[in-house]
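Subject: Structure for your review

Dear colleague,

Please find below the structure that I am handing over to you. I would be grateful if you could look through it alongside the notes that come after it.

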Amino acid sequence: MPETTTRPKPQFTAKEDFHRQAREDRYQFHDYYLVDDLLEDHHRMARQAVRDWVKAEVSPIIEDAAMRGKCPTHLFKGLAEVGAFGPSLPVEYGGGGMDEIAYGVIMQELERCDSGLRSMASVQGSLVMYPIYQYASEEQRKKYLPKLGSGELIGCFGLTEPDAGSNPGGMLTTIKDDGDAYLLNGAKMWITNSPIADLAVVWAKDEEGKVRGMVVEADTPGFSAPEIHGKWSLRASITGELVFENVRVPKENVFPDIRGLRGPLSCLSKARYGIAWGAIGAALDCYDSALRYSLEREQFGKPIAGFQLQQKKLAEMITEITKAQLLAWRLGTLANRGEATPAQISMAKRNNVHMALEVAREARQIHGGMGITSEYPIMRHLMNLETVLTYEGTHDVHLLITGHDITGINAFE
């Protein structure tokens, strides 16, 4: 493989490059238990700003992007403009200066549109900006964070490897001292944004076997990021690998004071928190579409919403969504106080994603054959959520994290 790799140009540079579809975004928010009463005005304002942007700029193109398997990369600038990159990080470091609940409701609105859209934002904010803010030197913070927050730079997060997924401690990527730099060698897999990223936050083992984090710029010789093709899920999000062949990483780019898995796991907790909120958005979109369809679709002389089995589906869907909304809100209040534990975040991520997947499946049944077409968002959400169920920690791994927390016995060892 050559030492230098030409960075691929974005597949799309303007929204006009997509064939806009006629499908109107008719989504209406559903809040059965008036959870909005628990939010502050600035939470609702942030959510509305994102909702308006999504309806105007993303909903008209998202089905086409997913069908074609192309990432609408021009949306990165729009995501920055609505404050979706690092909403809860300080303004002076490129963030939004808001709290964790604002971060949550923003992620919910993005995933209401598409899980891939939320992934684009949560990777940039939680897995790239957050570790640089938390662990990098002040010089690195000033160098990278404002440009990441504005969307001028795009980042990705390199932890998962071909042979180290649920067990990140088994990573094979290494760094070795080479004078004024470290030599980085190895590979990462299933990396959102990597083929178009300007930099990567990478985790590797040093010569003592300690996990270290660092910022690696994509134009460094030996760095490549081939795209992964053939996905049936997250088709509007770009995914790739990271390959490092004797990549020289300046020592000042290595996080100075964090060693071990605590660093990358803290980033995952930040991202998993956003997913716990985001998945509710996907569920709400499926429920909203199913409710409307059931009131409009007639069979046997009346709307199918009038039949008992359809009402059972809809009633159970809104019940589970409401429970997830309350769980996310409580988690957000704990996060604002700095008291949310990784195990609590795991519980919410696992519960809410599973809930959303079940809601999507029920919604698909209510839509009948129309549920598999791009006229409705159901099948796209369903395919996306199959991935969300297993990334940032699989459904089963999060169950064992809860088990470890309540018993004190580690089932991973």
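Predicted model: local features only at pLDDT ≥ 70, side-chain atom pairs only at ≥ 80, totals over all residues.

Domains

UniProt, in an unreviewed entry, assigns residues 41-152 to "domain: Acyl-CoA dehydrogenase/oxidase N-terminal". In the model this span is 73% helix and 0% strand, with 30 Å between its end C-alpha atoms.

The record, again unreviewed, lists "domain: Acyl-CoA oxidase/dehydrogenase middle" at residues 156-247. Here the chain is 0% helix and 48% strand, and the end C-alpha atoms are 17 Å apart.

For residues 259-403, the unreviewed UniProt entry gives "domain: Acyl-CoA dehydrogenase/oxidase C-terminal". This stretch is 76% helix and 3% strand, and its end C-alpha atoms lie 26 Å apart.

Helix 6 and helix 9

Helix 6 spans residues 262-296 and helix 9 spans residues 378-388. Their axes are 10 Å apart and form an angle of about 155 degrees. Angles over 145 degrees count as roughly antiparallel, and the two helices are therefore roughly antiparallel to each other. The crossing of helix 6 and helix 9 is left-handed.

Which residues meet where helix 6 packs with helix 9? Helix 6 contributes Ile275, Ala282, Asp285, Cys286 and Ser289, while helix 9 contributes Ile378, His381, Leu385 and Val388. Of the residues in this contact, six are nonpolar, two are polar and one is charged.

Yours sincerely

Key
Residues numbered from 1 in each chain as written. Heavy atoms only, no water. Axes fitted to C-alpha atoms, helices over the stretch in contact; angles between N-to-C directions. Helix = DSSP H or I, 4+ residues; strand = E, 2+ residues; numbered from the N terminus. Parallel < 35°, antiparallel > 145°, perpendicular 65-115°, else oblique. Left-handed = near helix turned anticlockwise from the far one by under 90°. Contact = heavy atoms within 4.5 Å. Nonpolar A, V, L, I, M, F, W, Y, C, P; charged D, E, K, R; others polar. UniProt positions renumbered as here; feature names shortened; annotations may be inferred.
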